Amino acid sequence: DVSIPAGAAPGPLHLYVRALSPSTSTQDRIHVAVVVNPVRSLVLTPNNSGTVFPGGFVLYSHTLVNNGNVVEGDGTGSSVSLDITHSQPGWTSVIRYDADGNGVISAPDIVVSNLTFVSAGAAGIAPGESIRLLVQVFAPPGAALGTVDAANFSATTVNGSYVTTVPPVATVVDTTTVIAGDLTLLKEQAL
């Protein structure tokens, strides 16, 4: 019975089995090769909702995880494009890689449209790696109060040198409602 560990890299796995007699010291050895198939899976989470005033913006945080066993989006094996489509006309978005992982826009957070930026030391997203992406949604200045926009954020993979089936498109939806003012209530308690 052979068990392959989760996240094992694709390719041949060589197994050597030896049988040894304790009484005669007679032995036999066999070589078996098991091929680990590529597993490709990208998961984008979560769906978000928020509010914005006309002409303002709201920031949503997402996590993209590579649950497969090959690098995705490095521009060689595969390319992963990051796209947003809005349900309302005039709405726009910017996607940023949250390089420092703090959940807010800061100096190292670059604007991205694919995964060819360097994270965890190399381009693309390595097996088991997760990255945070920030989506900044802008409402047009004349947006009517009560308007609801659904921004579909997707990560779409296209093969480069890989020949296996691409993972399904990973998609989340950020729902934004226009309100009269941008008021945030922060409750704190202290002794």
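**View 1. Pairing of S3 with S5 in a predicted model.** Strands S3 and S5 run antiparallel and are joined by four bridges. The model shown here and in the views that follow is predicted. Strand S3 covers residues 42-45, and strand S5 covers residues 57-66. Leu42 has Asn66 of S5 as its bridge partner.

**View 2. Pairing of S5 with S10.** Strand S5 is joined to strand S10, residues 130-138, by nine bridges, and the two strands run antiparallel. Two of the facing positions can be picked out by residue. Leu64 is opposite Ile131 in S10, and Val65 is opposite Ser130 in S10.

**View 3. The open sheet S3-S5-S10-S7.** Four strands make up this open sheet, in the order S3-S5-S10-S7, and their pairing is antiparallel. Its edge strands are S3 (42-45) and S7 (92-97), each of which pairs on one side only. From one strand to the next, the twist averages 25°. Strands of a sheet pair through backbone hydrogen bonds, in either a parallel or an antiparallel sense.

**View 4. The open sheet S4-S12-S11-S6.** This open sheet also has four strands, ordered S4-S12-S11-S6, and the pairing is mixed. At its edges are S4 (48-52) and S6 (78-86), each pairing on one side only. The average twist from one strand to the next is 20°.

**View 5. Pairing of S6 with S11.** Nine bridges pair S6 with strand S11, residues 148-159, in the antiparallel sense. Within this pair, Ser79 stands across from Val158 in S11.

**View 6. Surroundings of Asn48.** The Asn48 side chain takes part in a polar contact of 3.5 Å with the side chain of His62. A polar contact of 3.2 Å links the side chain of Asn48 to that of Asp174. Leaving aside residues up to four places away in sequence, Asn48 touches Tyr60, Ser61, His62, Val173, Asp174 and Thr175. Among these, His62 and Asp174 are the partners in the polar contacts described above. Tyr60, Ser61 and His62 fall within the residue range of strand S5, 57-66, and S5 belongs to the sheet ordered S3-S5-S10-S7.

Key
Residues are numbered from 1 along each chain as its sequence is written. This is a predicted model: local features need pLDDT of at least 70, side-chain atom pairs count only at pLDDT 80 or more; totals for chains, interfaces and linings use all residues. Side-chain values use heavy atoms; hydrogens and water are left out. Two strands pair if DSSP finds at least two bridges between them. Axes are lines fitted to C-alpha atoms, for helices over the stretch in contact, and angles run from 0 to 180 degrees between N-to-C directions. A polar contact is a pair of N or O atoms within 3.5 Å; within protein, one must be able to donate a hydrogen and the other to accept it, and residues adjacent in sequence count only if both atoms are side-chain atoms. Contact means heavy atoms within 4.5 Å.
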